[in-house]
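Here's a quick tour for anyone who is new to this one. Have a look at the sequence and the model first, then read on.

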2 protein chains.
Amino acid sequence: MVIARCSVDYTGRLSAHLPLATRLLMVKADGTLLIHSDSGSKPFNWMSPPCSLVESDMLWRVTNKAGEELLITIDEVLHDSSHDLGVDPGLQKDGVEKHLQELLADRCEVLGASWSLIRREHPTDIGPVDLLCRDETGARVAVEIKRRAEIDGVEQLTRYLQRINLDPWLAPVRGVLAAQQFTPQARVLAADRGITCVTLDYDELRGIEPSTPRLF
Amino acid sequence: MVIARCSVDYTGRLSAHLPLATRLLMVKADGTLLIHSDSGSKPFNWMSPPCSLVESDMLWRVTNKAGEELLITIDEVLHDSSHDLGVDPGLQKDGVEKHLQELLADRCEVLGASWSLIRREHPTDIGPVDLLCRDETGARVAVEIKRRAEIDGVEQLTRYLQRINLDPWLAPVRGVLAAQQFTPQARVLAADRGITCVTLDYDELRGIEPSTPRLF
DNA sequence: TTGTTGATTTCGCAA
DNA sequence: TTGCGAAGTCAACAA
């Protein structure tokens, strides 16, 4: 961890210049280098491993295989310390889309009374549909699950429906977009495409799910 | 800047837990808080301003307006230092999409012989089309520019074309997707929609451009 | 304030 | 390795 007055030049996927100012240079154990200012959550410049750092005099040269280069010109070092953090057990996440899909696969009657699951991750040639279900009339429904449904989620489901309806064994298949939140524009476009929007309640799904006895 | 053995719990847009380990806690002047381990380029946990940090004993509680909460339980502080970095002049970038658009607007004959520019950032009710050109036959062409064209770029241009072709003064307008790189799926979908893909060479564009004499 | 779009996005998963 | 979709995406910019 070095705090220094420095200027930085990056050439690679684009060209960028960082004028002389005081910043934090962080070199991690895995080779990651980050250059942070005193505001904002993202570093101004960085380099991801694998990369090589060569320090000569007051010039740091960081390069990687792809030919990207970070030149750090050090004007003055204000702080320099090193710390051994050891390995990190990592972050445990809960509540993401995958989890929603698992819960809904188990309880697709949340989408409609008497609905049943035909298949999870039903493959098409442009990617898998989250759920393929049978509704109360026996008709097939393709379900796309999002945490927050936006316009591109509607586009995605539309593409799936086009593809899936080319299969005479499956067609006709209608679409359901299931999400915790919807942007107004997603609702409008979905309505326009004949796609039904279903709002999910994560806590309710999670609360209901354990009460379902598994018959393995 | 604090280096400490700590565990972290985040509740907000999702729930996440970070088991006890040694990490870097960074508190920036603008209120940003970052929790970094010794590997990876992004922090495991963070909170963006505006947020409030309350330190009581060995517990840090960080909250924001949206009801998100970060609980940091400090086990042992290994390092604690503070540094005044001052304001940063910020990063100067070159070579991003906006720049490509400027270059192409000046040299749209790169897209086809005798092509001319009608308008840059042509407005539609769902957003501006990057370029509106006239091809060698006098027909109008809507051009969408990307650094890397993916499937959603094709969707975006498709929406623009639908809108723009509703205007009897402009229709018919065909589409060109110009990018430095294309994903295979973008090419397939573009072909499917009758959209032409044009590969751009940034160095060539930049190299050619200064040779164009300006008439004042 | 809200919405849209780009990003040296990063990250994870799967083919 | 490559491709593709998700992300607590972040951040800039316009309406």
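(Strands count as paired if DSSP finds at least two bridges between them; helices, H or I with at least four residues, and strands, E with at least two, are DSSP runs numbered from the N terminus.)

This is a predicted model, so local features need pLDDT of at least 70 and side-chain atom pairs count only at pLDDT 80 or more, while totals for chains, interfaces and linings use all residues. Residues are numbered from 1 along each chain as its sequence is written, chains are lettered from A and ligands numbered from 1 in the order in which they are written, and side-chain values use heavy atoms, with hydrogens and water left out.

**Where the chains meet**

- On the chain A side, 44 residues are in contact with 47 residues of chain B, contact being heavy atoms within 4.5 Å.
- The two chains bury about 4,500 Å² between them, 58% of it on carbon and sulfur atoms; buried area is the accessible area (1.4 Å probe) that two parts lose on being put together, summed over both.
- Asp38(A), Leu85(A) and Leu91(A) supply 16% of the area that chain A buries against chain B, more than any other three residues.
- Between chains A and B there are 20 residue pairs in polar contact, both residues at pLDDT 80 or more. (That is a pair of N or O atoms within 3.5 Å; within protein, one must be able to donate a hydrogen and the other to accept it, and residues adjacent in sequence count only if both atoms are side-chain atoms.)
- β2 (15-27), β3 (33-36), β8 (92-94) and α2 (151-164) of chain A are the elements giving two or more residues to the side that touches chain B.
- The largest share of that side, 11 residues, comes from β2(A).

**Salt bridges**

- The count between chain A and chain B is 4 salt bridges, each a side-chain nitrogen of Lys or Arg within 4 Å of a carboxyl oxygen of Asp or Glu.
- One of them links the side chains of Asp88(B) and Arg23(A), at 2.5 Å from N to O.
- Over all chains, the whole structure has 22 salt bridges.

**How the copies relate**

- Chain A superposes on chain B by a rotation of 177 degrees with 0.1 Å of shift along its axis, at an RMSD of 0.8 Å.

**Inside chain A**

- Strand β1 (residues 2-11) and strand β7 (residues 69-80) run antiparallel in chain A, joined by 10 bridges, and Ala4(A) has Val77(A) as its partner in β7(A).
- Another 5 bridges join strand β6 (residues 59-64) of chain A to β7(A), again antiparallel, with Thr63(A) opposite Glu69(A).

- Ala171(A) and Pro172(A) are joined by a cis peptide bond, with omega about 0 degrees.
- In chain B, Pro49(B) and Pro50(B) are also joined by a cis peptide bond.

Note on methods:
Copies are superposed by least squares on the C-alpha atoms of residues with pLDDT of at least 70 in both.
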